[in-house]
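This briefing sets out selected features of the structure shown below, grouped by topic. Please read it alongside the sequence and the model.

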Amino acid sequence: MSQGLVHDLRAIVGAAGMLEGAAVRERSAVVFHGHIDSELLVRPRSTEQVAAVLRLCHERGQTVVTHGGLTGLVQGADAARGDIVLSLEAMSTIERVDIPGRSLRAQAGAKLGEVQRAAEEHGLVFPLDLGARDSATIGGNISTNAGGLRVLRYGMMRNLVLGIEAVLADGTVLTSLNRMLKNNAGYDLKQLFIGSEGTLGVVTRAELRLVSRTRSQETLLAALPSFDALVDLLNRLDAGLGGQLAAFEALWGNYYDYNTAAPATNVAPLARGAPFYAIAETLGGDPETDRARLEAVLGEALDAGTLSDVTIANSDSERRAIWAIREDVWQVKNIAPLLTFDVSLPIENMKDYAREVNDAVRSFAGDNRSFVFGHMADGNLHIVVAAGDDAATRRKVEDIVYRPLAQIGGSVSAEHGIGLEKRAYLPLSRTAAEISTMRLLKNALDPKGILNPGKVFA
């Protein structure tokens, strides 16, 4: 990297807006999954500075990797020694909350949790929610089309973005901070930047959709005798609660058992040993009648043998304790170094698919080395394998997890993206024509290939 380029970048962002050398590489310590070898990081404070940085890099053919909260799990933020890191950490302002219009405008570096709390201060809710809420940024959520815990009711991040401002590779600024739910005036260009992992442009601001705060919230934990019972419970709750079901999470039994026994600190609200568990959450408008309706549906499920046992949280602390069991993913690393996977597939294929994966892992790694849980109602499962993370083991487990998906119309990425880690497996989920069209878009918007190089496809 030339000193001339460094000098010109410093002129744009100032000395305080740059990090060099070891100070950049030390950030690898806070990356959830990946590595940073870059020698230079810039921290622009405005869209204008982002545009100036990208315009300069485009002219010089300099590659750029955009960083948000570094919570990704597919090496989407990896930066090689020759890359410049463009961090949006200095652009974290929440600019406005439109109460009548129920929207919020934020810079891309704002943390998800900060956006949630800003909405709540005005009696509103930003419904995207995930475990990394206090680290993940809005820009990162947009670039990966984040899902999280309430997709069943509110959809993916794509459904919650009304408008964006983005900077193209050549420094062109697209400002389309639409605030309306309906706007069919030509192409909806924001969709190009949602889920494209920073390869087509850098999102700098977003107009986000808010919803009214509900008056009731119920969280339950159920033990079930079979996967078919999970499906039955989902259908009963969906049909019996009049649209109030907001989340439905499935936990295979060994995941619940491990996360509620030492060294984990989670208490088991229900006895361990059931084949399956479910966590469900409802959001409604009448606390008294909503609770009674839920209890009635659960009573019918108990009578039918769908449930072995069930408990409903009676306080916020009990609610948090139930969700902590599901979110305490990293407990499994106490067994062995982990590999984590995020896949989607039709619900009707989940039982056989999970059995096939678990059996294949057991055949070479032993018992209780694979754990399955996730957003079952959304068709999304997470799989954690504790069998080592060396290259040979990774390739073996990736083949076990990914290759069966091609035969059942599944996807190698439900919500985490492709990054570098899943790039070789993209053809299992996308046709050659789809990938070719993706390349056409990439070449049109980033002809020199400077944005997040090598991510999604080579």
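Two strands are taken to pair if DSSP finds at least two bridges between them. Helices (H or I, at least four residues) and strands (E, at least two) are DSSP runs, numbered from the N terminus. The model is predicted: local features need pLDDT of at least 70, side-chain atom pairs count only at pLDDT 80 or more, and totals for chains, interfaces and linings use all residues. Residues are numbered from 1 along each chain as its sequence is written, and side-chain values use heavy atoms, with hydrogens and water left out.

**Strands β16 and β18**

- Strand β16 (residues 338–344) pairs with strand β18 (residues 380–386) in the antiparallel sense, over 7 bridges.
- Within this pairing, L338 has A386 of β18 as its bridge partner.
- Of the 7 residues of β16, 6 are buried, so the strand is largely enclosed by the rest of the structure. Buried means under 20% relative accessible area, exposed over 50%, and partly exposed in between (1.4 Å probe, protein chains only).

**The mixed sheet and its helices**

- An open sheet of 4 strands runs in the order β1-β2-β4-β3, with mixed pairing. Its edge strands, β1 (18–20) and β3, each pair on one side only.
- Neighbouring strands of this sheet are turned against each other by 20° on average, direction ignored. Axes are lines fitted to C-alpha atoms, for helices over the stretch in contact, and angles run from 0 to 180 degrees between N-to-C directions.
- β3 and β4 are paired in the parallel sense over 4 bridges, and V64 has I84 of β4 as its bridge partner.
- Helix α3 packs on the sheet and touches β2, β3 and β4, its direction making about 165° with that of β4. Contact means heavy atoms within 4.5 Å.
- Helix α1 lies across β1, β2 (40–42) and β4, and runs at about 150° to β1.
- I84, in strand β4, counts as buried because its relative accessibility is 0%.
- Leaving aside neighbours within four places in sequence, the contacts of I84 include M1, L5, L9, C57 and V64.
- I84 and G285 are separated by 201 residues in sequence and by 49 Å in space, C-alpha to C-alpha.

**Packing of α1 against α3**

- Helix α1 (residues 3–13) packs with helix α3 (residues 47–60) at an angle of about 165°, and their axes are 9 Å apart.
- The two helices, α1 and α3, are therefore roughly antiparallel to each other. Angles under 35 degrees count as roughly parallel, over 145 as roughly antiparallel, 65 to 115 as roughly perpendicular and the rest as oblique.
- The contact is formed by G4, L5, D8, L9, I12 and V13 of α1 together with Q49, A52, V53, L56 and R60 of α3.
- By class, the contact of α1 with α3 comprises 7 nonpolar, 2 polar and 2 charged residues. Ala, Val, Leu, Ile, Met, Phe, Trp, Tyr, Cys and Pro count as nonpolar, Asp, Glu, Lys and Arg as charged, and the others, Gly among them, as polar.

- Strand β8 (residues 161–167) is paired with β10 in the antiparallel sense over 6 bridges, and E165 has R205 of β10 as its bridge partner.
- Buried residues in α4 are L112, G113, V115, Q116, A118 and A119; their cover includes β7 (124–125) and α5 (138–144).

**Loop residues and backbone geometry**

- Most residues other than glycine have a negative phi, and most peptide bonds are trans.
- Q75 is not a glycine, yet has a positive phi of about 60°. Q75 lies in the loop between β3 (64–67) and β4 (84–87), and counts as partly exposed because its relative accessibility is 24%.
- E197, also not a glycine, has a positive phi of about 60°. E197 is placed in the loop between β9 (173–176) and β10 (202–209), and counts as buried because its relative accessibility is 9%.
- A262 and P263 are joined by a cis peptide bond, with omega about 10°; P263 is found in the loop between α8 (253–259) and β14 (276–284).
- K422, in the loop between α12 (391–402) and α13 (432–445), counts as buried because its relative accessibility is 1%.
- Apart from neighbours within four places in sequence, K422 is in contact with V74, D342, Y402, V412, S413 and G417.
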